[in-house]
Amino acid sequence: MSGSSVALDRQCEGLTWKFRVRVTPKAKKASVGGLHDGALKVSVHAVPEGGKANKAVIASLAKWLGVSKSRVTITAGDTTRLKTVQVEFNSTGEMDDAEAKLKKELA
């Protein structure tokens with residue numbers, strides 16, 4: 001992200017984003033926003049057992065970015081707090097909306 005000294009470490013290829021998230025399970029307040037060492041912070045109520053927290057992370061990111069849950073995938077870090085996530089967008093307009101939300105949140 002240009003214009004910011006701290007940025008989300010994100011790879012873009014076509015209509016696909018790949019970035020890292022730092023997850024806080026069992027959080028009192030579920031939220032998406034902020035950065036931790038170049039990773040987007042995601043807090044969820046779910047416990048890190050049986051994939052419950054991972055499902056909650058996918059649901060939170062999908063809602064926050066305005067895409068369906070089926071287009072958000074955890075590609076690495078299933079059992080750790082630091083995960084790599086892939087998001088596939090349907091259109092450039094949808095991706096631009098997510099980009100605007102990301103810039104606003106991380107400004």
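Where does Arg-71 lie? Arg-71 sits in the loop between α1 and β5, and the views below start from there. The model is a predicted one, in which local features need pLDDT of at least 70, side-chain atom pairs count only at pLDDT 80 or more, and totals for chains, interfaces and linings use all residues. Residues are numbered from 1 along each chain as its sequence is written, and side-chain values use heavy atoms, with hydrogens and water left out.

**View 1. Arg-71 and Glu-94 form a salt bridge.** The closest N and O atoms of this pair are 2.7 Å apart; a salt bridge here is a side-chain nitrogen of Lys or Arg within 4 Å of a carboxyl oxygen of Asp or Glu. Because Arg-71 is in the loop between α1 (52-65) and β5 (72-76) while Glu-94 is in helix α2, the pair ties together parts that are 23 residues apart in sequence. Helices (H or I, at least four residues) and strands (E, at least two) are DSSP runs, numbered from the N terminus. Arg-71 counts as buried at 15% relative accessibility, and both Arg-71 and Glu-94 are buried. For all these views, buried means under 20% relative accessible area, exposed over 50%, and partly exposed in between (1.4 Å probe, protein chains only). Not counting residues up to four places away in sequence, Arg-71 touches Gln-86, Val-87, Glu-88, Phe-89, Asn-90 and Glu-94, where contact means heavy atoms within 4.5 Å.

**View 2. Glu-99 and Arg-10 form a salt bridge too.** How many salt bridges does a search of the whole structure find? The search finds 2. In the pair shown here, the closest N and O atoms of Glu-99 and Arg-10 are 2.8 Å apart. Glu-99 belongs to helix α2 (residues 92-106) and Arg-10 to strand β1 (residues 10-13), so this bridge ties together parts that are 89 residues apart in sequence. Glu-99 and Arg-10 are both buried.

**View 3. Leu-61 is shown in the largest nonpolar core.** A nonpolar core is a set of buried Ala, Val, Leu, Ile, Met, Phe, Trp, Tyr and Cys residues joined through side-chain atoms within 4.5 Å. The largest one has 27 residues, of which Phe-19, Leu-40 and Leu-61 touch the most other members. At least two residues of this core come from each of β2 (16-24), β4 (39-43), α1, β5, β6 (82-88) and α2, and α1 gives the most, with 7 residues. Leaving aside neighbours within four places in sequence, Leu-61 is in contact with Val-21, Val-32, Leu-40, Val-42, Val-72 and Val-85. As background, nonpolar side chains tend to be buried together in soluble globular proteins.

**View 4. The largest pocket has a volume of about 180 Å³.** Of its 14 lining residues, Pro-48, Asn-54, Asp-78, Thr-79 and Lys-83 are the closest to its centre. On a 1 Å grid over the protein atoms alone, a pocket is an open set of points where a 1.4 Å probe fits, with protein on both sides within 12 Å along at least five of seven lines, and lining residues have an atom within 4 Å of a point. Grid points are joined across faces, edges and corners, and the volume is the space filled by probe spheres set on the points. Which element gives the most to the lining of the largest pocket? That is α1, with 3 residues. By class, the lining has 4 nonpolar, 5 polar and 5 charged residues; Ala, Val, Leu, Ile, Met, Phe, Trp, Tyr, Cys and Pro count as nonpolar, Asp, Glu, Lys and Arg as charged, and the others, Gly among them, as polar.

**View 5. Thr-16 lies in strand β2.** Thr-16 counts as partly exposed, at 22% relative accessibility. Leaving aside neighbours within four places in sequence, Thr-16 is in contact with Gln-11, Gln-86, Val-87 and Glu-88. Thr-16 and Gln-86 are 70 residues apart in sequence, with 6.9 Å from C-alpha to C-alpha.

**View 6. Lys-26 and Asp-37 are loop residues.** Lys-26 is in the loop between β2 and β3 (31-36), and its phi is near 55 degrees, a positive value in a residue other than glycine. Asp-37, in the loop between β3 and β4, has a positive phi of about 50 degrees although it is not a glycine. Exposed or buried? Lys-26 counts as exposed at 58% relative accessibility, and Asp-37 counts as exposed at 65%.
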